[in-house]
Amino acid sequence: RHPLDTFRSTLHHWGGITDELFEIFDATGFPPFPRLIDQGSTKEIFKRWTSEGRMDWEQDGWPFHSGFHIAESFWGHRDLDNILLLHYANMIEDLGREVQRIADFLEIEITPAERDEIVRLTSFDTMKLQNKVMNPHYDFIFKHGGDGFMTKGGVDTWQGLLDEDDIANYEKRAARFDPEFRKWIETGKSD
């Protein structure tokens, strides 16, 4: 998923965490987990998200994990026969094609009718309708419950949230990426 869309989702989910879940986080002995409301403006949070990690080995992703680090750790192994990289934008663009890619990768033969049924069952709309059944614990985790967990299901959802200065911050971070990895993580396409 494009990192800037990931940031928008991070704000949504982080801001929706219930007080009860924060109490559990605080009781673990792990470094205290910050509440979104106490962290300043979106601009301040974004700057930290692009420049600080929660773990010593991460350079970004604060206060959660670094999606960049996770994706980059697989990127270096993308040519192995047991690694298949999927990108959210590609699934939004053509879920049927991506389901077929997964089946081919796993060497599972599926008929067009089976593929269409998998697409129907895994579409954003179906998953949103079934979210309370699939994730009943979300009503405990998120103030907005399971119904509010899945909101947009699209790409470029960050548009209008970030300004030119924020994008410049992102560009500084993204400039450290291998160019082919950057193209893939932002678009789902690679050379």
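For what follows, Ala, Val, Leu, Ile, Met, Phe, Trp, Tyr, Cys and Pro count as nonpolar, Asp, Glu, Lys and Arg as charged, and the others, Gly among them, as polar. With that in hand, let us walk through this predicted model.

**Overall picture**

The protein chain is built from 13 helices and 0 strands, so its order of elements, read from the N terminus, is α-α-α-α-α-α-α-α-α-α-α-α-α. Its C-alpha atoms fill a box of roughly 50 × 40 × 35 Å along the principal axes. The mean pLDDT of the chain is 90, and 100% of its residues reach 70 or more. Among the elements, helix H6 (residues 95-105) has the highest mean pLDDT, 98, while helix H11 (residues 145-149) has the lowest, 76.

| Pocket | Volume | Lining by class |
|---|---|---|
| Largest pocket | about 480 Å³ | 10 nonpolar, 9 polar and 3 charged residues |
| Second largest pocket | about 390 Å³ | 11 nonpolar, 7 polar and 2 charged residues |

Start with the largest pocket, which has a volume of about 480 Å³. Its lining is made of 22 residues, and those closest to the pocket centre are Tyr 88, Phe 124, Met 127, Met 150 and Gly 153. Helices H1 (3-15), H5 (88-93), H8 (124-129) and H9 (131-134) are the elements that each give two or more residues to this lining. H1 gives the most, with 4 residues.

The second largest pocket holds about 390 Å³ of space. Of its 20 lining residues, Arg 1, Thr 6, Gly 67, Ala 71 and Ile 185 are the closest to the centre. Two or more residues each come from H1, helix H4 (67-75), H5 and helix H13 (179-187). Here the largest share, 4 residues, comes from H4.

If you look at both linings together, you will find H1 and H5 listed as contributors to the largest pocket and also to the second largest pocket.

**Where H6 meets H7**

Now turn to H6 and its contact with helix H7 (residues 112-122). The axes of these two helices come within 9 Å and cross at roughly 115°, and the crossing is right-handed. On the H6 side, the residues in contact are Leu 95, Gly 96, Val 99 and Gln 100, and they meet Arg 115, Ile 118, Val 119 and Thr 122 of H7. By class, this contact has 4 nonpolar, 3 polar and 1 charged residues.

The loop between H6 and H7 is worth a look too, as it contains Glu 107. This residue is not a glycine, yet it has a positive phi of about 60°.

**A cis peptide bond**

The peptide bond leading from Trp 62 to Pro 63 is cis, with omega near 5°.

Technical notes:
Residues are numbered from 1 along each chain as its sequence is written. This is a predicted model: local features need pLDDT of at least 70, side-chain atom pairs count only at pLDDT 80 or more; totals for chains, interfaces and linings use all residues. Side-chain values use heavy atoms; hydrogens and water are left out. pLDDT is the predictor's confidence in each residue, from 0 to 100. Axes are lines fitted to C-alpha atoms, for helices over the stretch in contact, and angles run from 0 to 180 degrees between N-to-C directions. A crossing is left-handed if the near helix is turned anticlockwise from the far one by less than a right angle, and right-handed if clockwise. Contact means heavy atoms within 4.5 Å. On a 1 Å grid over the protein atoms alone, a cavity is a set of points where a 1.4 Å probe fits but cannot get out, and a pocket is an open set with protein on both sides within 12 Å along at least five of seven lines; lining residues have an atom within 4 Å of a point. Grid points are joined across faces, edges and corners, and a volume is the space filled by probe spheres set on the points.
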